[in-house]
Structures are given as C-alpha cells and as structure tokens.
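These are my notebook entries on what I looked up in the structure shown here. I begin with the terms of the search and then take the elements in turn.

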Amino acid sequence: MIARAEELYADRERRLHVATDRLFTVLMILQWVFGVVCAVFVSPRTWLGAESATHVHVYAAVFLGGLLAALPVWMTLRYPGSVSTRFVVAAAQALFSALLIHLT
C-alpha cells in the first residue's frame, strides 16, 4: 500500500511539474511581448542635442528579452518537468524581473 501511495505521489508531482512548465512557457512569451510594448510606449526615442535615435531600451527589450525567453521556452517544450528546466526557468525569471524593472 505504501509503494502504491508513493507511486501515485510521484505521478502527481510529475504532472504538476509539467503543468507548471507549460504555464511558464506562456508567461515567458507574454512578458517578452510586454517588455517590448513597454519600451516602445515609455521611451521609444532618445535625444542627443538635435539628433534623435531609437532608445537602447527598445533594443534591450527586443533582443535581450528574446534571449532571456528563448532558452526557458525551448526547455519547457523539450524537457517538461525536469529539474534542469526548473532551474533555467527560475534564473530566466529573475533576469526578466530585472529587465522589466529597468524598462519601467
């Protein structure tokens, strides 16, 4: 009976990890889009005297945000529920928080 309970617990835990990874796949993509939208609407241009150019925040949101989202999304789709996926998602989420704080 104990072995069956442990088996059921392990199965439920695995399904929970996979579901959480699916949630973070969507979250990574949405926060990347949010970062780009935020950068475009908050500070799209920078001025240096009479010259205007695209602000570095826009480039950071597009490229750095995309880079931060790419590996966790790939890992959550390729290796859902694994320990290494959870570590990568946690690190990327912390870095994404720093990027979003910088953009706002």
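**Entry 1: salt bridges.** I counted a salt bridge where a side-chain nitrogen of Lys or Arg lies within 4 Å of a carboxyl oxygen of Asp or Glu. The model is a predicted one, for which local features need pLDDT of at least 70 and side-chain atom pairs count only at pLDDT 80 or more, while totals for chains, interfaces and linings use all residues. Residues are numbered from 1 along each chain as its sequence is written, and side-chain values use heavy atoms, with hydrogens and water left out.

By this rule I found two salt bridges. I recorded the one between Asp 11 and Arg 15 at 3.7 Å, N to O. The other joins the side chains of Glu 7 and Arg 4 at 3.1 Å, N to O.

I then asked how many residues separate Asp 11 and Arg 15 in helix α1. They are four residues apart, and therefore separated by about one helical turn. Glu 7 and Arg 4 are three residues apart in α1, which also means a separation of about one helical turn. An α-helix has 3.6 residues a turn, so residues three or four places apart point the same way. For helices I took DSSP runs of H or I with at least four residues, and for strands runs of E with at least two, numbered from the N terminus.

I looked up the accessibility of each partner, with buried meaning under 20% relative accessible area, exposed over 50% and partly exposed in between (1.4 Å probe, protein chains only). Asp 11 is partly exposed at 40%, and Arg 15 is partly exposed at 49%. Glu 7 is partly exposed at 48%, as is Arg 4 at 46%.

Phe 41 lies in α1 and counts as exposed, at 67% relative accessibility.

**Entry 2: helix α2.** Helix α2 covers residues 56-78 and has 23 residues; it reaches 32 Å between its first and last C-alpha, close to the 33 Å expected. Its buried residues, among them Val 58, Gly 65, Leu 68 and Met 75, pack against α1 (2-42), β2 (51-54) and α3 (83-103).

Leaving aside neighbours within four places in sequence, His 57 is in contact (heavy atoms within 4.5 Å) with Ala 39, Ser 43, His 102 and Leu 103. Between His 57 and Cys 38 I read 19 residues in sequence and 9.4 Å in space, C-alpha to C-alpha.

**Entry 3: helix α3.** The 21 residues of α3 should span 30 Å, and its end C-alpha atoms are 30 Å apart, which agrees. Its buried residues are Thr 85, Val 89, Ala 92, Gln 93, Phe 96, Leu 99, Leu 100 and Leu 103. They cover an arc of only 130° around the axis, which puts them on the same side of α3; the arc is that of the directions from the helix axis to the C-beta atoms. They pack against α1 and α2. Which exposed residues does the face turned away from the buried side carry? I found Phe 87 and Ile 101 there.

Leu 100 is buried at 18%. Not counting residues up to four places away in sequence, Leu 100 touches Gln 31, Phe 34 and Gly 35. Leu 100 and Phe 34 are 66 residues apart in sequence and 8.6 Å apart in space, C-alpha to C-alpha.

Arg 86, also found in α3, is partly exposed at 31% relative accessibility. With the sequence neighbours up to four places away again not counted, Arg 86 touches His 17, Asp 21 and Gly 81.

Technical notes: Expected span 1.5 Å × (residues − 1).
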